[in-house]
Amino acid sequence: MGTICILSFLALLPVIMGGREELQAVIEGNGHFTKKLYNVLAQKEGNVFFSPISAHAVLAMAYQGSKGTTHEAFGKVLGFSGHLQAAEGYSDVLSHLNNVPNVQLLMANKIFVAEDASLKPTFQEITAKKFLSEVQPVNFGNNNATAKLINGWVEDKTQNKIKDLISPDSLNSATRLVLVNAIYFKGTWASKFDKSLTVTDKFYLNDVDSIDVQMMNNKGKYFFKEDEALDAKVLELPYSNPEVSLIVILPNKRNGIAQLEEKLANTDLSKITENMYKPEVVVKLPKFKIEATIQMNEVLEKVGLGVIFSQGEANFSDMLTGSEPLYVSEVIQKAFIEVNEEGTEAAAATVVEGVPKSTAFSWLLLLQHFTVDHPCIFLVRSHDEEHSTSGFSKILFIGKLSNEQVFIR
């Protein structure tokens, strides 16, 4: 039986709404998928960081070659009524992502296929036209050279931020396909932090313990709100392109991260910025950098995609010509993000182996303080230019700052 390997890597990316049903399906599906993955990954202690849209995109590509119960599982977990809806939606996403001004932004897909195998014409056509995926024949038996080739493509697409995505040990002569999604983003803040104002300050890991971090400081008019339902403050920090922003959700209590995660499990993250207003805000935000590698097999099994890893049940009969059965042997994601005074650089890779803001009363426009000195949740989102409240935000990255391993000293 042949195997498939799925890889993804990602960065920040903005998407412009096109108003189409298929595009909305991608946005809503990615939102639900984000919460499912986060809820599983957050069960382990420590920092969390991943790119839901990178994994969502490459799995949507694998969805195109599935049938039967495997096809049904993909649709349910990814949030699509059919594979053609996914293809049309991601066609729009890719078209928009690769044409956003004032940022360095790229999203790309590629299929590496065994030299002695061939893609079914329909699968090759839909992945090429809708997912803009290139196809390259390789010798998986020569695992060292092929891993080097795949990793080289990933490094090139992510400006060398994602290295060694796939190990040669993951490839062998039984591997038939490797599906890869890559996204890279680099953006500067709309209002940069002054480096001369960055100082050493405390970050509290809990009610008692603290560490020293490099705390950036800025003041300006930012969208902000006190969210009573979450018992947290929410701040939006825009990048030079107004369609992309960093959202920080800061619990009011130093040890409130667990309670916040419980509440967010029932919150529509695509609408997290509803009912915000724009006062003058003093912002204190630590510099941080996260590099994460996630073996996603167990995570995807827990959210309902276990069938794709089953040699006896997986059905990818619409991928390759011939009758050789296929299953997914491994899904891996590597992600990177760095936040400093200039802005944010982020990248991720996933591989599959085998609103108008609400108007505030003038008396509310007082000086607010937003000090990120204890564990919080952050996400990078893209949205339409008018800050629509219609659920049009796309969650590109989501993470949790909770321990000393990620801070730039």
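Predicted model: local features only at pLDDT ≥ 70, side-chain atom pairs only at ≥ 80, totals over all residues.
Helix 1 contributes the largest share of the lining of the largest cavity, namely 3 residues.

**Largest cavity**

- The space in the largest cavity amounts to about 70 Å³, and the residues that line the largest cavity are Lys35, Tyr38, Asn39, Glu261, Leu264, Ala265, Leu269 and Ile398.
- By residue class, the lining of the largest cavity divides into 5 nonpolar, 1 polar and 2 charged residues.

**Second largest cavity**

- A volume of about 30 Å³ is found for the second largest cavity, whose lining consists of Leu246, Val248, Leu285, Phe288, Val372, Cys376, Phe378 and Leu401.
- Strand 10 (244-251) and strand 16 (376-382) each supply at least two residues of the lining of the second largest cavity, and this lining holds 8 nonpolar residues, with no polar and no charged ones.

**Packing of helix 2 and helix 3**

- Helix 2 (residues 52-63) packs with helix 3 (residues 68-78) at an angle of about 155 degrees, and their axes lie 10 Å apart.
- Because angles over 145 degrees count as roughly antiparallel, helix 2 and helix 3 are roughly antiparallel to each other, and their crossing is left-handed.
- On the helix 2 side, His56, Leu59, Ala60, Ala62 and Tyr63 meet His71, Phe74, Gly75 and Leu78 of helix 3, and the residues of this contact divide into 6 nonpolar, 3 polar and no charged.

Methods. Residues numbered from 1 in each chain as written. Heavy atoms only, no water. Axes fitted to C-alpha atoms, helices over the stretch in contact; angles between N-to-C directions. Helix = DSSP H or I, 4+ residues; strand = E, 2+ residues; numbered from the N terminus. Parallel < 35°, antiparallel > 145°, perpendicular 65-115°, else oblique. Left-handed = near helix turned anticlockwise from the far one by under 90°. Contact = heavy atoms within 4.5 Å. Nonpolar A, V, L, I, M, F, W, Y, C, P; charged D, E, K, R; others polar. 1 Å grid on protein atoms, 1.4 Å probe; cavity = no way out; pocket = protein on both sides within 12 Å on 5 of 7 lines; lining within 4 Å. Points joined across faces, edges and corners; volume = space filled by probe spheres on them.
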